[in-house]
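Work through the two exercises below with the sequence and the model side by side, trying each task before reading its solution.

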Amino acid sequence: MKDQSPALLTYLEERGISLQSLIDSALEMYVPHPGIETVQKATELLREEFLDILQDVNISTLIVAAFHAQEEAQNGRIPGLTIERFMGKPGLVADELIGIAIATYIGGSRGMFEFVRFDQAKPGILRELPPLTNDAIGALVAGASSNVYTKALKDTGPTV
């Protein structure tokens, strides 16, 4: 099972989002850290973390919900939500709420903090995605990044 690609990864790939694009997005925000001193190490740890997270059915459900909501909004099928409001300002907060749920589920408060950073910077693939899905995928990347840094810090022991 460990060698098998997570079904959510296949779903994302069908929508133009590869594992490498997720890793690259996280690496745009990379900062050397105890236990993750090199980009190579960060890449390795991020790959492992994404493959783990992408197996979680709760993450799958939230990501798929964001993609469906995106499609419904773009096609004018969300009651009361005009295309102009969907694409303009003030826009929705539902996209942020989906992102918050994903980031918090994956990485707790640290994941939420990372989500804010990623949401503001929109690194990598996040710049290419529309409103609802960029927050869902941004939260996925932020949660994975947060977990990688947290685990690396725990593995290096206490700092003085």
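Helices are DSSP runs of H or I with at least four residues, and they are numbered from the N terminus. The model is predicted, so to speak, by rule: local features need pLDDT of at least 70, side-chain atom pairs count only at pLDDT 80 or more, and totals for chains, interfaces and linings use all residues. Residues are numbered from 1 along each chain as its sequence is written, and side-chain values use heavy atoms, with hydrogens and water left out.

**Exercise 1.** Locate S25, decide whether S25 is buried or exposed, and list its contacts.

*Solution.* Begin with the helix: S25 lies in α2, which covers residues 19-27. Next, S25 has 0% relative accessibility and therefore counts as buried, a term that means under 20% relative accessible area, as against over 50% for exposed and in between for partly exposed, with a 1.4 Å probe and protein chains only. Then follow the side chain of S25, which reaches the backbone nitrogen of I125 at 3.0 Å. Finally, with neighbours within four places in sequence set aside, S25 is in contact (heavy atoms within 4.5 Å) with F118, P123, G124, I125, L126 and V141.

**Exercise 2.** Find which residues lie on either side of the link between helix α1 and helix α4.

*Solution.* Y11 belongs to helix α1 (residues 7-13) and F67 to helix α4 (residues 57-74), 56 residues apart, so that the pair links distant parts of the chain. Both Y11 and F67 are buried.

Terms used. Helix = DSSP H or I, 4+ residues; strand = E, 2+ residues; numbered from the N terminus. Polar contact = N/O pair within 3.5 Å; in protein donor to acceptor, adjacent residues only side chain to side chain.
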